[in-house]
Amino acid sequence: MTTSTHYDAIVIGAGVIGPTIATALARQGRKVLILERDWSKPDRIVGELMQPAGIKALRELGMVKSINNINAVNCTGYYVKFHDEAVTIPYPLKKDANITNPMKPVPDVVDGINDKVDGDDSINIEEWDNDERVRGVAFHHGDFLMNLRQICRDEPNVTAVEATVTKILRDPFDSSIVIGVQAKQNDEVVEYHGKLTISCDGIYSKFRKELSPTNVPTIGSYFIGLYLKNAVLPVPGKGHVLLGDHSPVLIYPVSPTETRVLCAYASTKPPSAANDEVYTYIRDEVLPIVPKETVPAFKEALEGRKFRIMPNQYLSAMKQGSENHLGFILLGDSLNMRHPLTGGGMTVGLNDSVLLAKLIHPKYVDDLGDHQLVAQRLKVFHRKRKNLDAVINTLSIALYSLFAADKKALKILQNGCFRYFQRGGECLNGPIGLLSGTLPYPMLLFNHFFSVALYAIYLNFVARGLPGFPLALLEALDTLFTAIIVFTPYLWAELVQ
């Protein structure tokens, strides 16, 4: 066993979040080690859609050029199809977003050049700059990740090592203090010591239980993913959400020629790959509701039978900075997860990187080995992250519950939600502002969600008519109770825990 040089910070994992916090700390003058078990390009069906607030966070980190030269495509909002009706939802206006969630670069990290998107073969920078609305972007996850990693590795203060972290090391004289990690590197066990260890090891984190043995995510459903080639969509440049008497389906381009489809599978157990169960499910449940112009590409992908299955997990963030875990931080999906329906995972994680880099900047924390001071800053981190975190996480769970409606009360809410969008104005601008991360106001989310619930109840009374009033009254009580159950526990967990 050998012991390496001492670092200011050790970052575990080079997924989306690890390279961003490592880069920010390095640019602030910290000596940073980042460990990743495999630096080759991954092939995953997660992290392919970046909301506008995620783009803003990349700009605040000086890493937004990571979306360049990877055939990324614009996302300008959503197209929501409910049975045979549809509504198009554009992203918020820049002038509004600049007020509700303005860009605030991380000090000493942004230089006025690295916070600008460049034009390339798939991104027309003139269109970006002249668009009166904010934009998101979609891409192949692996290509985006390799750009992030390269930016990180180019930093002089960053040491990048390929190794598998196997253990968190604690001070032998005071087990409450983390002093580094043990890793397996080229069949050799190596210890790396650092003042601060940040675990960004993703959805299957080995180290989130360092905070508590009960700190584990729950699995509520699954997504089945497939790629379409040269697909035609009803509205170009939009994420498509298909709703009805079935689990929700997401369709969005990830390159000029490729389109991702994510089909929700409402079960806590994954569909079996045996006996063509996945193929049959997609053929019988999803194909019939695919837009007619998209059907040819969808059928071709279906017959190709190249399906990917991923769990949809939820984990509210535990408080950090306790006396028992000094010198240790969880960040990204190891800390906090939400349903991927709304594409908010990277947005939350990147904004957490921005916030943490600001709070432990050398002007506030000169020495990362000052564990008590770092712990105090972590308490501020936990409090300040809640506005955006609570909105995106709660919205993801609430919308999935409505969109995957499997009982009468939820179907009433689902119908009410779509009709609410059809009203336009603030009934449209508010929800898309919340989903895009440009309106990080939990109480606004509360207001819109229960406005949807009351509007849904009203519409059901109208549909039932006078003869059906007694039944509509019973359904109103059930619907209101259901709305409370699918919404308030998650908002409470995000805001209060």
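In this predicted model, the side chains of R338 and D333 meet in a salt bridge, with 3.3 Å from N to O. R338 is buried, because its relative accessible area is 7%, and the cut-off for buried is under 20%. D333, by contrast, counts as partly exposed, at 27% relative accessibility.

**Salt bridges**

- Side chains of opposite charge can pair when their charged atoms come close.
- The count of salt bridges in the model comes to 22, and one of them joins D8 to K195, whose closest N and O atoms are 3.5 Å apart.
- Because D8 lies in strand 1 (residues 2–12) and K195 lies in strand 11 (residues 188–199), this pair ties together parts that are 187 residues apart in sequence.
- D8 counts as buried at 17% relative accessibility, whereas K195 is partly exposed, with a relative accessible area of 26%.
- R27 and E155 also meet through their side chains in a salt bridge, at 3.0 Å from N to O, and this pair links distant parts of the chain, since R27 is in helix 1 (residues 17–27) and E155 is in the loop between helix 5 (141–153) and strand 8 (158–162), 128 residues apart.
- Both R27 and E155 are buried.

**Cavities**

- A search of the whole structure finds 2 cavities of 30 Å³ or more, and the largest cavity has a volume of about 290 Å³.
- The lining of the largest cavity is made up of 22 residues, and L399, F403, F421, P431 and L435 lie nearest its centre.
- Helix 12 gives the most to this lining, with 5 residues, and by class the lining of the largest cavity has 20 nonpolar, 2 polar and no charged residues.
- Domain 1 (7–216 + 315–385) and domain 3 (394–496) both give residues to the lining of the largest cavity, and therefore this cavity lies between them.
- The second largest cavity holds about 50 Å³ of space, and the largest share of its lining, 4 residues, comes from helix 9 (residues 371–384).
- By class, the lining of the second largest cavity has 5 nonpolar, 5 polar and no charged residues.

**Annotated segments**

- An unreviewed UniProt entry lists residues 6–26, 439–459 and 471–492 under "transmembrane region".
- Over residues 439–459 the chain is 86% helix and 0% strand, with the end C-alpha atoms 27 Å apart.
- Over residues 471–492 the chain is 100% helix and 0% strand, and here the end C-alpha atoms are 31 Å apart.

Terms used:
Residues numbered from 1 in each chain as written. Predicted model: local features only at pLDDT ≥ 70, side-chain atom pairs only at ≥ 80, totals over all residues. Heavy atoms only, no water. UniProt positions renumbered as here; feature names shortened; annotations may be inferred. Helix = DSSP H or I, 4+ residues; strand = E, 2+ residues; numbered from the N terminus. 1 Å grid on protein atoms, 1.4 Å probe; cavity = no way out; pocket = protein on both sides within 12 Å on 5 of 7 lines; lining within 4 Å. Points joined across faces, edges and corners; volume = space filled by probe spheres on them. Nonpolar A, V, L, I, M, F, W, Y, C, P; charged D, E, K, R; others polar. Domains from an automatic or database assignment. Salt bridge = Lys/Arg side-chain N within 4 Å of Asp/Glu carboxyl O. Buried < 20%, exposed > 50% of the residue type's maximum accessible area, 1.4 Å probe, protein only.
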